Amino acid sequence: MYISVCSGCGRSVDSTFRFCPWCGEKRFFAEGNENLEKENRSMKIENERLDKIYEMDSKLEKLEEELEVLVLSAEMHK
């Protein structure tokens, strides 16, 4: 099981679904090289997006930690 991107709406869809649960677009099953390449490109784009989200989430957590330290420091100097 893996997640792919719907060609109709662009949302993530479980690869076992025959139709997109979001827009109803019929899912294709890679029978030829062209379809397989299209699916691979869609998966790569989705994975790149997820990588960026995880990277941004990590940066946000670090910024929140720094902010917490700054707030505590400011409170101590009052």
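Leaving aside neighbours within four places in sequence, Glu 46 is in contact with Val 5 and Ser 12, where contact means heavy atoms within 4.5 Å. The model is predicted, so local features need pLDDT of at least 70 and side-chain atom pairs count only at pLDDT 80 or more, while totals for chains, interfaces and linings use all residues. Residues are numbered from 1 along each chain as its sequence is written, and side-chain values use heavy atoms, with hydrogens and water left out.

Glu 46 belongs to helix H1, which covers residues 33-76. The protein has 1 helix and 2 strands, arranged along the sequence as β-β-α. Helices (H or I, at least four residues) and strands (E, at least two) are DSSP runs, numbered from the N terminus.

Buried residues account for 14% of the 78 residues. Buried means under 20% relative accessible area, exposed over 50%, and partly exposed in between, with a 1.4 Å probe and protein chains only. Of the contacts between residues at least 6 apart in sequence, 15% join residues at least 24 apart. The protein exposes about 6800 Å², and carbon and sulfur atoms supply 55% of that area. Accessible areas come from the Shrake-Rupley method with a 1.4 Å probe; for residues, only the protein chains shown count as cover.

Glu 46 is buried but has no salt bridge, and Arg 49, the nearest side chain of opposite charge, is 4.1 Å away. A salt bridge requires a side-chain nitrogen of Lys or Arg within 4 Å of a carboxyl oxygen of Asp or Glu. Lys and Arg count as positive and Asp and Glu as negative; His and the chain ends are not counted.

By this rule the count is 1 salt bridge. Lys 59 forms a salt bridge with Glu 55, with 3.3 Å between the closest N and O atoms. Because Lys 59 and Glu 55 are 4 residues apart in helix H1, about one helical turn separates them. Glu 55 is partly exposed, at 44% relative accessible area.

The surface also carries patches, made of residues with over 30% relative accessible area and no salt bridge; like charges are joined within 9 Å, and nonpolar side chains (Val, Leu, Ile, Met, Phe, Trp, Tyr) within 5 Å. Leu 50, Ile 53 and Tyr 54 form a nonpolar patch with about 310 Å² of accessible area together. Tyr 54 lies in helix H1 and counts as exposed because its relative accessibility is 56%.

A patch of negative charge gathers Asp 57, Glu 61, Glu 64, Glu 65, Glu 66 and Glu 68. The place of a charge is taken as NZ of Lys, CZ of Arg, CG of Asp or CD of Glu. Glu 61 lies in helix H1 and, at 43% relative accessibility, counts as partly exposed.
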